Amino acid sequence: MYTDLNAAGTIFGGQLVAWIDEASAIFASCQMNARRIVTLKISELIFNQPAKLGDMLEIWCRVARRGHTSITLEVIVTRRAFADDPTRVDPINQYEIKASSEICRCETVFVSVDDHGRPRQWNKLSGSV
Ligand SMILES: CC(C)(COP(=O)(O)OP(=O)(O)OC[C@H]1O[C@@H](n2cnc3c(N)ncnc32)[C@H](O)[C@@H]1OP(=O)(O)O)[C@@H](O)C(=O)NCCC(=O)NCCS
């Protein structure tokens, strides 16, 4: 949407980081079966290519490590762009989705916390990955 763009007309990086944080927190919360979690880390990320107005973004999460109180996720953001060529338009959906392409990837770490904000064990299996 227009409100998600920067002055150059492409996706505003801060907005994308917020979406990464939010989406991966939801995924982590489900994996940990814990409602009270906090973001400990969002690793460096490099925007390999821009996303433009109307693009659909997909945020993919995968568990990289299950700790005692934490969980580490690998996160990949891909872009599905609308086709420019009208002859390739899907007659049902009025657009064709191009092959997904990677915009960026990063690592996120979430920690389960108690009512006082202290780390709380969520994974009973010691040394599990
Ligand atoms: C997250 C927080 C509760 C951790 O407290 P802490 O006393 O540092 O906790 P610990 O040292 O016991 O570490 C907790 C877990 O984080 C892991 N951890 C700590 N530093 C880490 C790092 N740099 N990278 C990856 N994991 C790390 C530990 O290994 C541990 O995981 P495990 O129990 O699964 O092995 C505390 O740092 C905090 O409140 N940070 C602010 C969170 C916040 O406000 N986030 C932004 C908005 S949600």
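Fold first. I counted 1 helix and 4 strands in the protein. I noted that the model is predicted. Reading from the N terminus, I get the order α-β-β-β-β.

Next, burial and contacts across the chain. I find that buried residues make up 16% of the 129 residues in the protein. I then took the contacts with a separation of 6 or more: residues 24 or more positions apart account for 65% of them.

Then I looked up Ile11. I place Ile11 in the segment before α1, which spans 13-32. Is Ile11 buried or exposed? I have it as buried, because 24 other C-beta atoms lie within 10 Å and the cut-off for buried is 20 or more. I left aside the neighbours within four places in sequence and listed the contacts of Ile11: Asp4, Leu5, Leu16, Pro50 and Ala51. I also checked Ile11 against Met1, 10 residues apart along the chain. Their C-alpha atoms are separated by 8.9 Å.

Last, the ligand. Which residues come nearest to the ligand? Of the 13 residues around it, I list Val38, Gly67, His68, Thr69 and Ser70 as nearest. I see two or more shell residues coming from each of β1 (37-42) and β4 (101-112). Sorting the shell by class, I get 6 nonpolar, 6 polar and 1 charged residues.

Notes. Residues are numbered from 1 along each chain as its sequence is written. This is a predicted model: local features need pLDDT of at least 70, side-chain atom pairs count only at pLDDT 80 or more; totals for chains, interfaces and linings use all residues. A residue is buried if 20 or more other C-beta atoms lie within 10 Å of its own, exposed if 12 or fewer, and partly exposed in between; C-beta atoms are placed from the backbone. Two residues are in contact if their C-beta atoms, placed from the backbone, lie within 7 Å. A residue is near a molecule or strand if its C-beta atom, placed from the backbone, lies within 6 Å of it. Ala, Val, Leu, Ile, Met, Phe, Trp, Tyr, Cys and Pro count as nonpolar, Asp, Glu, Lys and Arg as charged, and the others, Gly among them, as polar.
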